[in-house]
Amino acid sequence: MKMKQIAALTLACSTLFLMGCSTTNTAPHIDVDTSPIKSSSNDLAGNDKIVIGSITMSTDGEWFGEVMAGVRTAAADLGVTLVEQDSSGNLDKEQQQVHKFIEDKVNAIVICPITSDRTGELLREAETAGIPAVTWNTVVDTDITAAVCVDSNALGGDTGTYLTEYIRTYNLSGLKIGMITNKSYTIGVARCDGFKNSIKSLVEDGSVTVVSEILAESTEESTTAVNKMLTEHPDIDIIWCWNQTSLLACIDVVKSKGKSDLLITGTDMSMDLAKDMQSDDVNLLAVTTQLPYNMGYKAVVNAVQAAKGKPVDKTIVIPTFTYKKTDTDLIQQYIESHSAFAQ
């Protein structure tokens with residue numbers, strides 16, 4: 001299938017959507033909720049004496065900014081003191097920060113762990129000292145109070161499911177796909193496995209052939225990977241990216257090469273990606289995303305509950321949502337509701 005034919009099909013699909021002939025898509029819970037999560041046990045009594053220690057592995061980028069906005073808003077809503085630290089992906093720094101929180105006897109810790117094992121050991125120390133630990137985004141391999149996360153397998157798989165539906169609907173075949181993947185993080189591996197499993201039927205019947213798979217994390221690595229992919233396979237039809245960083249880098253490369261008909265899919269929405277979905281300069285077909293603000297907010301809510309000796313769920317799963325290029329109203333809603341996080 002020639003790329004111009006694929007691009008024409010995408011345009012046709014968009015036209016049908018605007019005419020009201022496409023499948024209705026339900027809006028995700030993307031509105032910023034600045035009120036505390038309600039529950040029978042969620043009162044504010046004594047919250048002014050509670051100190052929550054917060055550690056993020058990064059403050060770079062819109063995604064982490066949105067999580068931390070949720071963390072700060074929840075702390076403000078619940079009337080607790082929030083002490084923030086950034087480990088910057090440095091394990092020694094993370095260890096010092098956790099130990100300082102233990103020394104200071106904070107009432108609970110909310111953290112985005114760098115590793116599942118070493119960070120897990122640190123949080124076990126905190127739990128032993130009577131300080132509940134609540135992780136968000138990444139997880140640890142030891143028993144802690146609670147983990148706020150997404151189903152990473154679904155985060156990758158949902159994009160592949162939509163891509164499969166798209167290819168089946170328009171009877172496309174003989175397509176070549178490349179993937180920017182990850183093996184460094186448990187959640188990254190799960191996303192990649194989810195995507196690969198979701199397109200398995202396409203590979204088995206020859207509708208799609210995987211011609212390239214390159215590991216990349218940073219913007220520089222991803223830029224190099226996409227350039228290599230397009231040089232070695234100039235007739236590639238589809239690229240899938242495992243995270244926001246690689247997806248943004250991929251789009252920049254594709255734009256620079258003028259390949260507006262190449263189908264791009266991936267993970268983690270952002271303001272720039274939302275605007276790219278509105279543009280004709282790139283064919284960003286679908287992005288499956290987390291709800292990072294909710295993740296940060298719920299991490300603090302559960303940490304406060306645990307600090308007060310009240311029960312919390314061991315695992316709090318934040319839902320995912322797949323934005324499609326045809327979701328014109330939802331994409332505009334995203335831009336309007338997330339503009340503050342991109343500043």
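This is a predicted model: local features need pLDDT of at least 70, side-chain atom pairs count only at pLDDT 80 or more; totals for chains, interfaces and linings use all residues.
Local features are reported at pLDDT of at least 70 and side-chain atom pairs at pLDDT 80 or more, whereas totals for chains, interfaces and linings use all residues. Residues are numbered from 1 along each chain as its sequence is written, and side-chain values use heavy atoms, with hydrogens and water left out.

Salt bridges were assigned where a side-chain nitrogen of Lys or Arg lies within 4 Å of a carboxyl oxygen of Asp or Glu. The count is 10. Among them is the pair of Lys314 and Asp143, with the closest N and O atoms 2.7 Å apart. Lys314 sits in the loop between α11 (292-307) and β11 (315-317), and Asp143 in the loop between β4 and β5, so this bridge ties together parts that are 171 residues apart in sequence. Helices (H or I, at least four residues) and strands (E, at least two) are DSSP runs, numbered from the N terminus. Lys314 is partly exposed, at 46% relative accessibility. Here buried means under 20% relative accessible area, exposed means over 50%, and partly exposed lies in between (1.4 Å probe, protein chains only).

Asp205 and Arg168 also form a salt bridge, at 2.7 Å from N to O. Asp205 belongs to the loop between α7 (200-204) and β7 (208-215), and Arg168 to helix α5 (residues 152-169), so the contact ties together parts 37 residues apart in sequence. Asp205 is partly exposed at 43%. Arg168 is partly exposed as well, with a relative accessible area of 36%.

A further salt bridge pairs Arg191 with Asp268, with 3.5 Å between the closest N and O atoms. This pair links distant parts of the chain: Arg191 is in helix α6 (residues 186-198), Asp268 is in the loop between β9 and α10, and the two are 77 residues apart. Arg191 counts as buried because its relative accessibility is 4%. Asp268 is buried too, at 5%.

Asn137 is another residue other than glycine with a positive phi, near 75°. Asn137 is placed in the loop between β4 and β5. At 9% relative accessibility, Asn137 is buried.

The loop between β4 (133-136) and β5 (146-149) also contains Asp141. Asp141 is exposed, with a relative accessible area of 55%.

Val140 is found in the loop between β4 and β5. Val140 is buried, at 14% relative accessible area.

Two other pairs were examined by C-alpha distance. Glu165 lies in helix α5 and is partly exposed at 45%. The C-alpha atoms of Glu165 and Ile199 are 9.8 Å apart, and the residues are 34 apart along the chain. Thr81 lies in strand β2 (residues 81-86) and is partly exposed at 38%. The C-alpha atoms of Thr81 and Gly53 are separated by 8.6 Å, and the residues are 28 apart along the chain.

A disulfide is a covalent bond between the sulfur atoms of two cysteines. The cut-off used is a pair of cysteine sulfur atoms within 2.5 Å. A search of the whole structure finds 0 disulfides. The closest cysteine sulfur to that of Cys250 is in Cys241, at 4.0 Å, which is too far for a bond. Cys250 is buried, with a relative accessible area of 0%. Cys112 is likewise buried, at 0% relative accessibility.
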